[in-house]
Amino acid sequence: MVALWVLYRVGPERGWFPPCFFHSVTHLYCPGCGSTRAVYRLLHGDLKGCFSANVLLFPSALLTLWVARRMDTPLSGREYFSIIVLYLFYGIARNLPFEPFVFLMPR
């Protein structure tokens with residue numbers, strides 16, 4: 001909760017949030033790149049900006065809630081595999097330099 005308050009008040013553009021290590025090393029976008037900007041924009045009511053920063057933010061949040069809800073039963077191997085494939089394909093697709101995939105790059 002404190003992190004959301006700080007993010008709401010300060011914003012990621014001020015430069016004190018740590019950069020994405022994966023992007024710093026490889027110059028590629030990981031599936032999480034743009035998530036801080038997406039949450040900041042969501043906290044300020046900018047849904048379009050939120051989706052332009054990271055379109056996978058909402059599905060990831062729903063997936064996290066779904067997994068947390070069923071903590072008493074572990075995920076099956078098929079479910080783990082599906083989640084890994086989803087993030088892997090998203091990570092690859094958002095680095096492709098042609099349409100329609102350029103819209104997946106964080107802005």
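Ser 60 sits in helix 5, which spans residues 57-69. In this predicted model, its relative accessibility comes out at 19%, so Ser 60 counts as buried, given that the cut-off for that label is under 20%. The side chain of Ser 60 has a couple of polar partners to look at. One is the backbone oxygen of Leu 56, reached at 2.8 Å. Another is the side chain of Tyr 87, with a polar contact of 2.6 Å between the two side chains.

Turning to the rings, the structure holds two aromatic pairs. Phe 51 and Phe 58 make up a tilted one, with 5.1 Å from centre to centre and 50 degrees between the planes. Phe 51 has a relative accessible area of 37% and is therefore partly exposed; Phe 58, at 29%, is partly exposed as well. The other pair joins Phe 98 and Phe 101, and here the arrangement is edge-to-face: the planes are 85 degrees apart and the centres 5.6 Å apart. Phe 98 is partly exposed at 45% relative accessibility, and Phe 101 gets that label too, with a relative accessible area of 27%.

Of the 107 residues, 21% are buried. The accessible surface comes to about 7800 Å², and carbon and sulfur atoms account for 71% of that. Looking at contacts between residues at least 6 apart in sequence, 48% join residues at least 24 apart.

Technical notes:
Residues are numbered from 1 along each chain as its sequence is written. This is a predicted model: local features need pLDDT of at least 70, side-chain atom pairs count only at pLDDT 80 or more; totals for chains, interfaces and linings use all residues. Side-chain values use heavy atoms; hydrogens and water are left out. Buried means under 20% relative accessible area, exposed over 50%, partly exposed in between (1.4 Å probe, protein chains only). Contact means heavy atoms within 4.5 Å. Accessible areas come from the Shrake-Rupley method with a 1.4 Å probe; for residues, only the protein chains shown count as cover. Helices (H or I, at least four residues) and strands (E, at least two) are DSSP runs, numbered from the N terminus. A polar contact is a pair of N or O atoms within 3.5 Å; within protein, one must be able to donate a hydrogen and the other to accept it, and residues adjacent in sequence count only if both atoms are side-chain atoms. Rings of Phe, Tyr and Trp (its six-membered ring) pair if their centres lie within 6.5 Å; planes under 30 degrees apart count as stacked, over 60 as edge-to-face and the rest as tilted.
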